[in-house]
Amino acid sequence: DNNPIWISLIILIAGLLITFIISNYVKQEEESQAQKEFVQVCNEIKSKIITRINMQKEFLISGSSLFEASETVTRDEWKNFNKFSGNNVKFMGVQGIGFSVIIKKEDLKKHISTIQNEGFPKYKVTPSGLRNSYTSIIYLEPFSGRNILGFGYDMFSDSVRRKAMEISRDKNEPVLSGKVFL
């Protein structure tokens, strides 16, 4: 009389145990597959970021070479260099490419006057204030839209930019800065 109840209970417990084991196995397989897909997507993103950074690094090196190979680089030469190079390289996420000049404190007034005489009567080095040296952005392409706001900006006035520029200068190679705000 009690045999069918025990057999039913054993079958029920065995069924629940098998269901638990199978569902646990399926869950682990799904998590493993999801982890593999996540790692693959992360690696693709990492690869794209590294490729983009390397392209930008090479562009900066070629811009540096322009200045090394020339006695002086004019505003028009900088514009043409960026126009030609920009057509050959895709810079998604890059707002502009600029060049800043180092200015000694005693040369600041002369520098401002020179740039104003080039056709920019409202030019000034920003932010204002006394410092031992300045690094005003004098060439910036494209020279339109929000980029115009960067014209005259002293990159050394921002500690994050300054650190990257000093390391780049000392190592003579492009260096990524920390997070900056435009």
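Arg131 is buried, at a relative accessible area of 18%, where buried denotes under 20%, exposed over 50% and partly exposed the range in between (1.4 Å probe, protein chains only). The model is a predicted one, in which local features need pLDDT of at least 70 and side-chain atom pairs count only at pLDDT 80 or more, whereas totals for chains, interfaces and linings use all residues. Residues are numbered from 1 along each chain as its sequence is written, and side-chain values use heavy atoms, with hydrogens and water left out.

The side chain of Arg131 meets that of Asp154 in a salt bridge (2.7 Å, N to O), a contact defined as a side-chain nitrogen of Lys or Arg within 4 Å of a carboxyl oxygen of Asp or Glu. Arg131 lies in the loop between helix H3 (108-117) and strand E2 (133-141), and Asp154 in the loop between E2 and helix H4 (159-171), so the pair ties together parts that are 23 residues apart in sequence; helices (H or I, at least four residues) and strands (E, at least two) are DSSP runs, numbered from the N terminus. Asp154 is also buried, at 0% relative accessibility.

The structure holds five salt bridges, among them one between Glu166 and Arg162 (3.1 Å, N to O).

The largest pocket is lined by 48 residues, of which Leu60, Gly98, Met155, Met165 and Val175 lie nearest its centre. A pocket is here an open set of points on a 1 Å grid over the protein atoms alone, where a 1.4 Å probe fits, with protein on both sides within 12 Å along at least five of seven lines, and lining residues have an atom within 4 Å of a point. The elements that give two or more residues to the lining of the largest pocket are H1, helix H2 (75-88), strand E1 (97-104), E2 and H4, and H1 provides the largest share, ten residues.

The second largest pocket is lined by 14 residues, with His111, Thr114, Ile115, Glu118 and Ile138 nearest its centre. Two or more residues of this lining come from each of E1, H3 and E2, and the largest share, four residues, from H3.
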